[in-house]
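Me: I would like to go through some labels used for a protein model and see what each one rests on.

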Amino acid sequence: MLITTLDLIGTFAFAITGCFKAIKHELDLLGFVILGLMTGIGGGIVRDIILGVPPVALSTNLYLTICLLAAAVAYFSSQHIAARWNIILLVDAIGLGTFTAIGCAKAAAHGYGFFGVVLLGAMTAIGGGTIRDLLVAEVPEVLRSGFYASASIVGAVVYFCIYRLEVFQNNPTLLMLVTAVLILIVRIIALKKGFHLKRLHRMPKSPTALSQERHKKS
């Protein structure tokens with residue numbers, strides 16, 4: 001019950017971030033709703049397609065309703081939400097942890113090994129945001145800012161290790177909760193400390209390319 005509640009809360013927060021991306025790009029109302037939906041449920045749908053099972057988000061009206069509710073809230077209260085964005089980041093971190101844990105649990109239940117569990121856990125958490133950014137022709141935010149996808153991967157690795165050790169063999173929900181809380185803590189620390197992975201810089205231009213540029217300018 002607790003995991004389901006956190007899952008719905010995370011879906012709501014993810015959908016709101018998708019709606020704000022639509023506002024940034026000045027999309028119409030349909031684009032606004034679509035970005036909210038894709039951010040909220042896109043990762044789970046991709047995960048379930050890979051697992052070969054009916055997408056949970058489409059087998060019930062609950063998740064779609066949550067995303068539409070988030071879109072309505074974002075549409076009518078965008079200024080109030082923007083002023084309290086730290087709260088959205090916190091709820092988003094809860095969703096990141098919960099989605100990762102759910103993805104890991106489903107992958108493990110289907111017999112996937114280390115890489116399968118970690119990748120599907122992370123895919124569940126960051127897939128929706130990746131789809132959102134691709135729809136608006138942006139480099140996915142999870143690949144260029146913050147310790148976001150990294151926090152999900154760390155949590156997924158920990159999940160797999162504990163799962164293999166069978167520490168919570170009789171209580172899989174507790175294992176998911178531990179994973180979600182760990183990711184939440186890592187994400188909050190990263191936000192407060194400004195952690196991020198080292199960025200790669202462009203290669204310096206060759207002398208020939210620089211000469212050609214100067215020639216064009218002249």
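Reply: What follows is a set of questions and answers on a predicted model.

Me: Why is the contact of Glu138 and Lys24 called a salt bridge?

Reply: A salt bridge needs a side-chain nitrogen of Lys or Arg within 4 Å of a carboxyl oxygen of Asp or Glu. The N to O distance for Glu138 and Lys24 is 3.1 Å, so the pair meets the definition.

Me: What makes this pair a tie between parts of the chain?

Reply: Glu138 is in the loop between α7 and α8, whereas Lys24 is in helix α1, so the pair ties together parts that are 114 residues apart in sequence.

Me: How do you know whether Glu138 is buried or exposed?

Reply: Buried means under 20% relative accessible area, and exposed means over 50%. Glu138 has 13%, so Glu138 counts as buried. Lys24 has 56%, so Lys24 is exposed.

Me: Which residues meet Asp48 in salt bridges?

Reply: Arg47 does, at 2.9 Å, and Lys106 does, at 3.5 Å. Lys106 lies in helix α6 and Asp48 in helix α2, so this pair ties together parts that are 58 residues apart in sequence.

Me: How many salt bridges does a search of the whole structure find?

Reply: The search finds eight.

Note on methods:
Residues are numbered from 1 along each chain as its sequence is written. This is a predicted model: local features need pLDDT of at least 70, side-chain atom pairs count only at pLDDT 80 or more; totals for chains, interfaces and linings use all residues. Side-chain values use heavy atoms; hydrogens and water are left out. Helices (H or I, at least four residues) and strands (E, at least two) are DSSP runs, numbered from the N terminus. Buried means under 20% relative accessible area, exposed over 50%, partly exposed in between (1.4 Å probe, protein chains only).
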